[in-house]
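Here is a short briefing to read alongside the model. It starts with the ligand and then turns to the strands.

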Amino acid sequence: MSNSLSVGLIGTGRIGRLHAEHLGHRIPEARLLTVSDVNESAARACAQACGIPRWESDYRQIINDPEIQAVVICSPTDTHAAMIEAAAGAGKHIFCEKPIDFNLKRIDQALEAVARAGVILQIGFNRRFDANFQRVRQAVANGEIGTPHQVHIISRDPGPPSLEYIQKSGGIFMDMTIHDFDMARFLVGSEVEEIYACGSARVDPAIGRAGDLDTVVVLLKFANGVICTIENCRQAVYGYDQRVEVFGSGGSIVVDNNYPNTAVIQGKTTIYRDPPLNFFMQRYLESYLREMTDFLRAIRTGGPSPVPGIDGRIPAVMAQAAQRSCKQNRAVRLDEIQAS
Ligand SMILES: NC(=O)c1ccc[n+]([C@@H]2O[C@H](COP(=O)([O-])OP(=O)(O)OC[C@H]3O[C@@H](n4cnc5c(N)ncnc54)[C@H](O)[C@@H]3O)[C@@H](O)[C@H]2O)c1
């Protein structure tokens, strides 16, 4: 397409491969010119599968390519801030996977580089683009359930990632709950003031030995009075468990899991169905497509970004508050958490 945007993608692992497939095959407004991965064979395999003309092992080839207008960052979290700064410095628009960084000072430096360059930055909080959760937000905003009182978010993975991933992930609050922190802010439309969190390693003691948790409950108190609970576990034997309820003065709205089919098998003593869609790549597939399409639209129309840098920073503050709460066994106010 002549008016399509030229894109480069960095990191062709789990999520990068998915975005590359969308940019290569499902988004006509994009021309994915180059993918890069330190593992060159992964970059080559991704390029060949997605019809992308070039692959590189050094991401700077993408940053320095004058033809590329937008960069999609899908490498591990500890690389994001430096890549955002480099891309902004080169005047590229940026889509960056969550979280921006584990360290608030590094996040602030990266966001300052984006502001200086005047480019669009979108953070990969894809669940905002899920049709079910958008309908919940709409119901809350329209007053369809009256004044919201309580939010309950259940988010459980089908199984834990590798220990290698866990060790680099920044911990469960920064890696996994961060999506639910974002979802809570998105659904309620207000800011969190205080957090209480508790957790343990119930699924795999090795996760505990690695210094992380795999099973947590978090309580959020919002400035507008709403109380929210989040339940996370790294393993639900029946599949990817993603449910939400908002309860208010005029009723409630509920989102159940997504299933591969609607068939229900009824017998004499049991009624059953197939388990939910197994993981994020199936459950949230369409949301990944929509977030990328909206990113490209924001570039074409001059913005604003649908999920700007501040929406990446606040959940990182919440994750740090939850970590502190868990460690110190007390409620932690968000204004206790300072960039350092
Ligand atoms: N939005 C979501 O739902 C979602 C889902 C999964 C992961 N993520 C985020 O995406 C990021 C990547 O996660 P993943 O699960 O795809 O990890 P992954 O380990 O599967 O893939 C990361 C890839 O980046 C490559 N890489 C490492 N350093 C690089 C560098 N300097 N330049 C180029 N490539 C580099 C690795 O070789 C690997 O192929 C993480 O920040 C994670 O939090 C977001």
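**Ligand shell and strand pairing**

The shell around the ligand is made up of 10 nonpolar, 9 polar and 5 charged residues, where Ala, Val, Leu, Ile, Met, Phe, Trp, Tyr, Cys and Pro count as nonpolar, Asp, Glu, Lys and Arg as charged, and the others, Gly among them, as polar. This is a predicted model, in which local features need pLDDT of at least 70, side-chain atom pairs count only at pLDDT 80 or more, and totals for chains, interfaces and linings use all residues. Residues are numbered from 1 along each chain as its sequence is written, and side-chain values use heavy atoms, leaving out hydrogens and water.

**Around the ligand**

- Arg14, Asp37, Thr77, Glu97 and Tyr288 come nearest among the 24 residues around the ligand (near: a heavy atom within 4 Å).
- Helices H1 (14–26), H4 (80–89) and H8 (172–188) each supply at least two residues of this shell (helices are DSSP runs of H or I, at least four residues; strands are runs of E, at least two; both are numbered from the N terminus).
- Ligand oxygen atoms lie 2.6 Å from a side-chain N or O atom of Tyr288, 3.3 Å from one of His80 and 3.4 Å from one of His179.

**Strands**

- Strand S10 (227–233) runs parallel to strand S7 (148–156), joined by 7 bridges (strands pair if DSSP finds at least two bridges between them).
- Ile153 has Ile230 in S10 as its bridge partner.
- Strand S9 (215–222) runs antiparallel to S10, also with 7 bridges, and Leu220 is partnered with Cys228 in S10.
- In the S9 and S10 hairpin, with 4 residues between the strands, Gly225 takes a positive phi near 95 degrees.

Methods: A polar contact is a pair of N or O atoms within 3.5 Å; within protein, one must be able to donate a hydrogen and the other to accept it, and residues adjacent in sequence count only if both atoms are side-chain atoms.
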